[in-house]
Amino acid sequence: GGRRELKILAVRGANLASLAGIFEVDFEEDPIRSCGIFAITGPTGAGKTTILDAICLALYDQLPRMDTAEKGVMIGKTGAMPSQQLGYNDVRGILRHGTGAGFAEVDFVGQDKGHYRARWEVRRARGKASGAVQEQKITLRDLVADRIINDHRKTETLTLIARKVGLGFEQFRRSVLLAQGDFDAFLRANAKERSELLERITGTEIYSRISREAYSRAKVEQEKLT
């Protein structure tokens, strides 16, 4: 059998960015299940990107392009205590303003064919909107056995989730998510730039390197033979 690919079954969340309260997108239920290809549409600020963010949070505790955010810049109420503020590049900042807790959850079929639920959650002290933001919690549940299979250190859980998914965050971002900025650049690029951009997005630049190495090696061997 060939390598199994990740299949996302459902994404859920609550109080993330512009999405107030609980939301769910179930890819195994009609009409989505039967339509093959579909679009999630809505005006700016409706929360379309937040659905993709929820997937990244649940699986990787990361957000696309967050690694380019300026370090050291703090966000939060003016005059608030440091414990009530977060760094601009802190993923917990996605918790909707005025809420005491939020979560992101993804049900998926892993490359080992197992069915899992990865869950990311964050809350403020005492569950109050005015409380200091607590450390995020990440769990992985085996849906068939109905038990949490790793509820220890965050880094260990994330490593296990990535192993089940079969993709690291960069691989996932490149092959599953096409960032808005990258897509806009792709549409406006010339043929050469488009080729380079596709390589960067898909991670296939390795084949260009292999091609160059093969050419160099062939040249050396031909000279030896001559």
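Gly110 touches Tyr116 and Lys164 when residues up to four places away in sequence are not counted. In this predicted model, Gly110 lies in the loop between β5 and β6. The residue is buried, with a relative accessible area of 0%. The C-alpha atom of Gly110 is separated by 7.2 Å from that of Gly166, although the two glycines are 56 residues apart along the chain. Gly166 follows helix α3 and has a positive phi, near 90°.

Helix α3 itself covers residues 154-165. The helix has 12 residues, and the distance from its first C-alpha to its last is 16 Å, close to the 16 Å expected at 1.5 Å a residue. Its buried residues are Thr157, Leu158, Leu160, Ile161, Lys164 and Val165. Viewed down the axis of α3, these buried residues fall within an arc of 160°, so they line one face of the helix. The elements that cover them include helix α2 (48-60) and the strands β5 (101-109), β6 (115-123), β7 (137-142) and β8 (147-150). Lys164, one of the buried residues of α3, is also one of the residues touched by Gly110.

Helix α2, which is among the elements covering the buried residues of α3, contains Thr50. Thr50 counts as buried because its relative accessibility is 7%, under the 20% cut-off. With neighbours within four places in sequence left aside, Thr50 is in contact with Leu16, Ala17, Ser18 and Leu19. Ala17 has a phi near 50°, a positive value in a residue other than glycine. Ala17 is partly exposed, at a relative accessible area of 31%.

A positive phi is also found at Asp61, where the value is near 55° in a residue other than glycine. Asp61 is located in the loop between α2 and β3 (74-75). With a relative accessible area of 11%, Asp61 is buried, whereas Ala17 is partly exposed. The peptide bond leading from Asp30 to Pro31 is cis, with omega near 10°.

On the surface, Ile206, Tyr207 and Ile210 form a nonpolar patch, and together they have about 310 Å² of accessible area. Tyr207 belongs to helix α7 (residues 205-225). Tyr207 is exposed because its relative accessible area is 55%, over the 50% cut-off.

For the chain as a whole, the model shows seven helices and eight strands. Of its 226 residues, 35% count as buried. The accessible surface of the chain comes to about 14100 Å², and carbon and sulfur atoms account for 52% of that surface. Among contacts in the chain with a separation of 6 or more, 53% are between residues 24 or more positions apart.

Notes
Residues are numbered from 1 along each chain as its sequence is written. This is a predicted model: local features need pLDDT of at least 70, side-chain atom pairs count only at pLDDT 80 or more; totals for chains, interfaces and linings use all residues. Side-chain values use heavy atoms; hydrogens and water are left out. Patches are made of residues with over 30% relative accessible area and no salt bridge: like charges are joined within 9 Å, nonpolar side chains (Val, Leu, Ile, Met, Phe, Trp, Tyr) within 5 Å. Accessible areas come from the Shrake-Rupley method with a 1.4 Å probe; for residues, only the protein chains shown count as cover. A salt bridge is a side-chain nitrogen of Lys or Arg within 4 Å of a carboxyl oxygen of Asp or Glu. Helices (H or I, at least four residues) and strands (E, at least two) are DSSP runs, numbered from the N terminus. Buried means under 20% relative accessible area, exposed over 50%, partly exposed in between (1.4 Å probe, protein chains only). The expected span of a helix is 1.5 Å times one less than its number of residues. The arc is that of the directions from the helix axis to the C-beta atoms. Contact means heavy atoms within 4.5 Å.
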